[in-house]
Amino acid sequence: MTRRLLWIAVALVIWAMLPFVVPRNIADLLVFTGIYTVAGLGIGLLLGHCGIVNLAQATFYGLGAYASAYCTVMMGLPSAVGFVVGAAISMTLAYVIGRPILRLTGYFLALGTLALSAIASALFFEWDWLTGGTLGIGGIPKIDIFGFVLDRPSRYYFFVWIVAFACMAAARNLVDSRTGLMLRAMRDSNTAAASLSIDLQGLRTRVFVVCALFGSLAGSLFAHHVSFVSTQSFTVDRSISFLLIPVIGGATSIPGIVAGAVFVTFLPEFLSNLGDIHQILFGLALVAVVVMLPDGLMGALNRIRARYAARGNRNAD
Amino acid sequence: MTLSLVLQAVFAGVTNGMVYALVGMGLAAIFKGSRVINAMQGEFSVIGAMTTVLLLTKAGWPYPAAILGGSLAGALVGAFIEVAFVRYMAAKNASEDSFLLLTIGLALTLSASILFFVGRDGHLLPPLGGEGVLIVLDAVMQFHALWLIAIGIAVTLLLRAFFHRTTVGLSMMAASIDADGAATTGINVRRMRTFTFILGGLLGAVGGILVTPLIGVDYQLGLNLTLKGFAAAVLGGLTNPLGAAVGGITLGLVESLAIIGISSSYKDVVAFSVLIVIMILMPHGMLGRAGRRGG
């Protein structure tokens, strides 16, 4: 136990030093990693605990970002209002749409959420009185906390990651709670869970709403980081790259989500040094992960650890 | 809303719908044969169309030979995907989701490859049957669109005959319905799965080549065609390649009627909303359970 605490302490120290020792562009990527972790956590909950492929996260990401942009730039309200408004709209929408759409299963549900993302991205484009269309909304102010302005990646880093840690704790609590037990029952056997009078439909909807909340928070964080939002950021492609986060890292593991977020933010950036070929390499890297590591990076790590431990035991005998 | 406007919308809807139908039929054929949702179906269309463009303009092949070459390119890529990736993953009992992600990854790779090797410009192909147009009650239809619809119908009928009359087609059906049973009667189930990918690649490529003279082809076309083809296949019941033809035309008509009824910018919104509603209300597609017998 003490060893575990030691590890956590070391990790925290590294985490706190990181933005000061790396160059600015890396600090910027670390901020994005935090934002993507928040968005990916929701998808991981749906994928890992309900078996739902959610290809609509860019919708809620967009809602959060536009809510923050509209509230702060157009209405001059404090940035906290944007976060709350975005979350409220996203959760309401997720509830209203989730009820009917989550009756679908498997591929049909995946397509349903993909269709949702395509509809939202068309509406973001068309409702330019609200979203600014392709011209977007610029000049979104940086967040300031009692006069301390988070105007540098190294400062914003801490804000984003504290939100991310809070979301991780919330996700962990949800999984360990009564709801989590119901989720586990549902994943193992739908019929058995239903016979224990677990409301499967309501349960799925609840997780979908949580996923939308995380998506919206990530969107608001994104808007305040880049201070400019336009329709290009919330397309179907973005929904796909969000889905990759839990898939690459491992959907049921929280460190896995962070690993997935690191993968989708850092890899394209590093590959882009190689010139225009980087998009091909990213696609191939994704294919390689799917083919060779079917349960994600964390799954592969656990397998290696298990093999190592088994060997250690044998030597001890 | 005048009659000629409605007629114009119907023309456009059937034309686009036939393209969605071809892409959707390929998707449904692959799903039926291998239980893989192929998220790179639209890339088959892009590969077919791009190859045709390059053979015609760079290599100087005659148009019919270039079309044949483009269609074969789609079929070859289909075969390659099956042999190189799907076979390996199926042997490891990969989950449904990982096949979906595999094809998403391949779609990203192919689209990026076309951007890298061909460039971001769009390319057109010359229309079949010349530049002429047919005018009915002031509604205009290009000769090429007529060719597209005729070829689409011919392909649909041929596909039906293929699945019902030929030994290979019947074997493919048998392998997809009951793999073990088919294997005991001497059908090579693995080879049948390769054939379904070849068929899917071919159908996608034909759809892509036929739509290029109307809207052009570029590296981004694939995702949109995949979405619409997927929608067409689901409307038709997903396991029935011929249902995808009905689904595609319905989708095309809904889209073009939405354009004249509401606004051109809402066509995707309407088309995808209809898709969601139909999936929820009619889980077996528009043809119902009976539709599943079709192919």
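The bend at a residue is the angle between axes fitted to the seven residues ending there and the seven starting there. The exercises below concern a predicted model, in which local features need pLDDT of at least 70, side-chain atom pairs count only at pLDDT 80 or more, and totals for chains, interfaces and linings use all residues. Residues are numbered from 1 along each chain as its sequence is written, while chains are lettered from A and ligands numbered from 1 in the order in which they are written.

**Exercise 1. Describe the span, bend and burial of helix 2 of chain A.**

Step 1. Helices (H or I, at least four residues) and strands (E, at least two) are DSSP runs, numbered from the N terminus, and helix 2 of chain A covers residues 24-50, which makes 27 residues.

Step 2. The expected span of a helix is 1.5 Å times one less than its number of residues; for helix 2 of chain A the distance from the first C-alpha to the last is 39 Å, close to the expected 39 Å.

Step 3. At A:G40, helix 2 of chain A bends by about 25°.

Step 4. A residue is buried if 20 or more other C-beta atoms lie within 10 Å of its own, exposed if 12 or fewer, and partly exposed in between, with C-beta atoms placed from the backbone. Because 22 of its 27 residues are buried, helix 2 of chain A is largely enclosed by the rest of the structure.

Step 5. After helix 2 of chain A comes A:G51, with a positive phi near 65°.

**Exercise 2. Carry out the corresponding analysis for helix 3 of chain B.**

Step 1. Helix 3 of chain B (residues 63-91) has 29 residues and should span 42 Å at 1.5 Å a residue, which agrees with the 41 Å between its end C-alpha atoms.

Step 2. A kink of about 35° is centred on B:E82 in helix 3 of chain B.

Step 3. Helix 3 of chain B is followed by B:N93, whose phi is positive, near 55°.

**Exercise 3. Locate A:S197 and A:S227 and state how exposed each is.**

Step 1. A:S197 sits in the loop between helix 9 (190-195) and helix 10 of chain A, and its phi near 55° is a positive value in a residue other than glycine.

Step 2. With 6 other C-beta atoms within 10 Å, A:S197 is exposed.

Step 3. A:S227 belongs to the loop between helix 10 and strand 4 (228-229) of chain A; its phi, near 55°, is again a positive value in a residue other than glycine.

Step 4. A:S227 has 16 C-beta neighbours inside 10 Å and therefore counts as partly exposed.

**Exercise 4. Characterise the overall build of chain A and of chain B.**

Step 1. Chain A contains 14 helices and four strands. The radius of gyration is taken over C-alpha atoms, and the globule rule is 2.2 Å times the number of residues to the power 0.38; chain A has a radius of 20 Å, close to the 20 Å that the rule gives for 317 residues, so it is as compact as a globular protein of that length.

Step 2. Chain B contains eleven helices and two strands, and its elements run α-α-α-α-β-β-α-α-α-α-α-α-α from the N terminus on. Its radius of gyration is 19 Å, close to the 19 Å from the globule rule for 295 residues, so chain B is as compact as a globular protein of that length.

Step 3. Buried residues account for 46% of the 317 residues in chain A and for 55% of the 295 residues in chain B.

**Exercise 5. Describe the side of chain A that touches chain B.**

Step 1. Two residues are in contact if their C-beta atoms, placed from the backbone, lie within 7 Å; the contact takes 33 residues from chain A and 34 residues from chain B.

Step 2. On the side of chain A, the elements giving two or more residues are helix 4 (79-101), helix 5 (106-126), helix 11 (236-249) and helix 13 (278-292), and helix 5 of chain A gives the most, with 13 residues.

Step 3. Ala, Val, Leu, Ile, Met, Phe, Trp, Tyr, Cys and Pro count as nonpolar, Asp, Glu, Lys and Arg as charged, and the others, Gly among them, as polar; by that scheme the residues of this side divide into 26 nonpolar, four polar and three charged.

Step 4. For the complex, the predictor gives an ipTM of 0.81 and a pTM of 0.84.
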